[in-house]
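Please work through the following exercises with the sequence and the coordinates at hand. Each task is followed by a worked solution.

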Amino acid sequence: MIEAYSGGSIRAAEQPLLDEGLGGTLMRRAAHGLFRGCEEQLRLTEPRGTVVGKTAVVLVGPGNNGGDGLWAGSFLRSAGVAVTAILTGTRAHEAGLRALLAAGGSAVRLVPDGSGAGAPGQGTSEAMAASRPVGVEAAAELMASADLVVDAVLGTGARGGLRGLPAELVTAFRGGQRERRGTAENGTPRIVACDLVSGVDADTGEAPEPLLRADATITFGAAKTGHVVSPGEQAGGALTVVPIGIEERLGEVDVHRVQAADVLAAWPRPGATDTKYTRGVLGIVAGAPSYPGAAIMCTQAAIQAGAGMVRFLGDSTTRAMVLARSPEVVRSDEQPWDVHVQAWLAGPGVVGDESQAARVQAIIEAEEPAVLDAGALDAAARSVADGPLGPHKILTPHAGELSQIFEWLAGFGVADAPVRRTEIEASPLHWAREAARLTGATVLLKGATTVIASPVAVPGGEAGTQDTAASEAGTSDAGTSSAGTTDAGTSSAGTTGNGDDAAPGAAAASASEGGGRQGGKPAEPCLCLSVGDASPWLATAGSGDTLAGVLGTVLAHVAEHPDALAELGPWARGEGRWAAAAALGAGLHALASRAGGEGPVPPSVLAEHVRAVLTRP
Ligand SMILES: NC(=O)C1=CN([C@@H]2O[C@H](COP(=O)(O)OP(=O)(O)OC[C@H]3O[C@@H](n4cnc5c(N)ncnc54)[C@H](O)[C@@H]3O)[C@@H](O)[C@H]2O)[C@@H](O)CC1
Ligand SMILES: [K+]
């Protein structure tokens, strides 16, 4: 499990240490970790494993992130690497710059192309003013010719994406890389991000272009939310967390990242006395005469994931096909209200069939937990007009389907306005949270990283208060109030806006208990999970049906065993178990996608791999 925190939580944890004058110590710990990460990347470029004689370029921004980069540069220089800092702002961390120069490194000052010497701006320090001015194109060449580039322009203090000269530099560098590809000068530097890829929002994972996509990110104290959700996660490469002494002081977790090892450890396995009923009976409403395939794929996946029993409700043609493929399925001619199951899966392939639509509607209104997928999503969204769905109902949209859900919600005034698919793709965590808040359901938003937002209170945390707490915890520049008291103090001045992403209103409503439709306003969502590492080959028709089947199986199990997933953490008990089940299902799906190596995974193969991943030798 990776526990990720908002940038505000990290600053709040640092603050007492900064107040004690330990800012310099924290920075040097961070810089040392960054140095180690850089060494590791440089060794990858060198068969003999030595870094002596290698070249590194450090892109340095105006704040403490730049300070980390400069200090790490000084350590690299001491280890025998030729280091050049490109100072991209109007100021740079004073002590860090002095340390780099003292170690024998050099610094150049980024100026607009064609601006000649470019007079240093007001307030520029002596050391910075003395550095040679370099235009954007020349600076991009410098980066391209290095073995390693360290991105230390912006960290947790970033407000919005890269702008101005550093943005031009990144664009020029990337353009040059594209031109060089396939030519003799094909040297590609390894890229290491200091704390975060510059411009990625630590709190939301938003990642506006231009970005310097990294091979590795070295972060400090704890992972930030922006590391574990899209699109930030995809920009950062391999993540390493370096302890700096704030770990005991961290507050509320913002996003729990469920990893492969968690899935394998927590996946519910039958005990000696279990029966098919105690394992969990899953009812599936899927397929229609024109779309039988989805029903076959989701039932198959549910069985391969170890469902105690699957009952199938659908038209006679689809049913015959499902049974031919999976004889263990129990057919049912009845309606959902006449069938006893622990959980439902409704929606895959349910298109244009009135009987199936009526069954879907019954399941939306039923007491039992349910995975509401594909063809059930619109009906689920429409039903929110009558009240929130409850966290035991799991909606599984991709960005396009979530946009459609918002359109329904906006249509009857539950949401302020529709949300475009591109907006959702730019900020999936935010919109998954918002969807969970507005529908009262657990929302599993599919994507390169899958995010799960659940409108329930986390034990030990207060729903909806985290961002507010963060916004009160002082600004990033509070960190610089120790300037002068330590050798890593900084000359950075001014304040940055903060808390601009505060949660809308504190949540009064508590987690819902039990099943059925929930009355009143849904609780502010505060339980957020993420799952990654799925093969990009999963982007294929039918893989969503497989996921839905796997989700149904684990949901039926936790319906019968409320504490089954408690080993994931206290948040996975009670009403949090629905989100935990969703994460486990998505995690198993991701594991299965890679189980046969990197290559195509058609859904029938994927379902086989689901079983293989769960099978112990
Ligand atoms: N606070 C601390 O004690 C520690 C901080 N650390 C480092 O400090 C970083 C945070 O430092 P800061 O709070 O100084 O923030 P940053 O270094 O991320 O940058 C903040 C400065 O950049 C400018 N800025 C913000 N957004 C911009 C944009 N879009 N384009 C151009 N300029 C922009 C602002 O003027 C602001 O002062 C962390 O990411 C981490 O790398 C580490 O050294 C560990 C200890
Ligand atoms: K950075």
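The exercises below concern a strand with its pairing partners and a pair of helices in a predicted model.

**Exercise 1.** Determine how the residues of strand β20 (residues 527-531) are oriented, and whether they are buried or exposed.

*Solution.* Begin with the directions of the side chains: L527, L529 and V531 point one way from β20, while C528 and S530 point the other way. In a regular strand, side chains alternate between the two faces of the sheet. Next, consider burial, for which the criterion is 20 or more other C-beta atoms within 10 Å. By this criterion, 5 of the 5 residues in β20 are buried, and the strand is mostly covered.

**Exercise 2.** Identify the sense in which β11 and β19 each pair with β20.

*Solution.* Take strand β11 (residues 255-257) to begin with: 2 bridges join β11 to β20, and the two run parallel. Within this pairing, R257 has S530 of β20 as its bridge partner.

**Exercise 3.** Classify the packing of helix α12 (residues 292-304) against helix α20 (residues 543-560).

*Solution.* The axes come within 7 Å and cross at roughly 40 degrees. The helices α12 and α20 are therefore oblique to each other. The crossing of α12 past α20 is right-handed. The contact includes A294, M297 and C298 from α12, and D545, T546 and A548 from α20. By class, the contact residues divide into 7 nonpolar, 6 polar and 1 charged.

Notes
Residues numbered from 1 in each chain as written. Chains lettered and ligands numbered in written order. Predicted model: local features only at pLDDT ≥ 70, side-chain atom pairs only at ≥ 80, totals over all residues. Buried ≥ 20, exposed ≤ 12 C-beta atoms within 10 Å, placed from the backbone. Helix = DSSP H or I, 4+ residues; strand = E, 2+ residues; numbered from the N terminus. Pairing = 2+ DSSP bridges. Axes fitted to C-alpha atoms, helices over the stretch in contact; angles between N-to-C directions. Parallel < 35°, antiparallel > 145°, perpendicular 65-115°, else oblique. Left-handed = near helix turned anticlockwise from the far one by under 90°. Contact = placed C-beta atoms within 7 Å. Nonpolar A, V, L, I, M, F, W, Y, C, P; charged D, E, K, R; others polar.
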